[in-house]
Amino acid sequence: MIRLEDLTPNAAVRGLLPDCLVTVVSVQWFGSEALELTYKTPAGKVANELLYRSDEPRLERVKH
């Protein structure tokens, strides 16, 4: 588990997509409890997702 603050550009993150490691492109905070995460998949597709504190348990930052 990670905190939303750990989602920084170039971080590798597991838990957003099934069986897929994504790379953080950018983060835009909305207060202290939510953020919009822009990420890139291994196939090069860029996508966005709103994340909340309740999403923290499913996320994992991977060191590479």
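A: One term to settle before we start: strands here are DSSP runs of E, at least two residues long, numbered from the N terminus. By that count Leu16 sits in strand E1. Keep in mind that this is a predicted model.

Q: OK, how many helices and strands does the protein chain have?
A: The protein chain has zero helices and five strands. Going along the sequence, that reads β-β-β-β-β.

Q: What about the overall dimensions of the C-alpha trace?
A: It spans about 30 × 20 × 20 Å along the principal axes. The radius of gyration is 11 Å, and a compact globule with 64 residues would have one near 11 Å, so the two agree.

Q: How much of the protein chain is buried?
A: Buried residues are 36% of the 64. The accessible surface is about 4000 Å², and carbon and sulfur atoms own 53% of that.

Q: And what share of the contacts is between residues 24 or more positions apart?
A: 38%, taken over contacts with a separation of 6 or more.

Q: Switching to the core. Which residues touch the most other members in the largest nonpolar one?
A: That core has 15 residues, and the ones touching the most other members are Leu7, Val13, Leu16, Leu37, Leu51 and Leu59. The elements giving two or more residues to this core are strands E1 (12-17), E2 (20-30), E3 (34-40) and E4 (46-52). As a general point, nonpolar side chains tend to be buried together in soluble globular proteins.

Q: Back to Leu16, then. Is Leu16 buried or exposed?
A: Leu16 counts as buried because its relative accessible area is 8%, and the cut-off for buried is under 20%.

Q: What does Leu16 touch, leaving out residues up to four places away?
A: Leu16 touches Val22, Leu37, Tyr39, Glu49, Leu51, Arg58 and Leu59.

Q: What's the C-alpha separation between Leu16 and Glu33?
A: 17 Å, with the two residues 17 apart along the chain.

Q: Leu51 was in that contact list. Which residues does Leu51 touch itself?
A: Again leaving out residues up to four places away, Leu51 touches Leu4, Leu7, Leu16, Glu33, Ala34, Leu35, Leu37, Arg58 and Leu59.

Q: Let's do loops. Where is Thr41?
A: Thr41 is in the loop between E3 and E4. With a relative accessible area of 14%, Thr41 is buried. Leaving aside neighbours within four places, Thr41 is in contact with Leu17 and Val22.

Q: Is Asn10 buried or exposed?
A: Exposed, with a relative accessible area of 61%.

Q: And Asp19, what's the phi there?
A: About 50°, which is positive although Asp19 is not a glycine. Asp19 lies in the loop between E1 and E2.

Q: Why does Asp19 count as exposed?
A: Because its relative accessibility is 86%, and exposed means over 50%.

Definitions and conventions. Residues numbered from 1 in each chain as written. Predicted model: local features only at pLDDT ≥ 70, side-chain atom pairs only at ≥ 80, totals over all residues. Heavy atoms only, no water. Core = buried A, V, L, I, M, F, W, Y, C linked by side-chain atoms within 4.5 Å. Buried < 20%, exposed > 50% of the residue type's maximum accessible area, 1.4 Å probe, protein only. Helix = DSSP H or I, 4+ residues; strand = E, 2+ residues; numbered from the N terminus. Contact = heavy atoms within 4.5 Å. Rg over C-alpha atoms; globule rule 2.2 N^0.38 Å. Areas by Shrake-Rupley, 256 points an atom, 1.4 Å probe, with all protein chains shown as cover.
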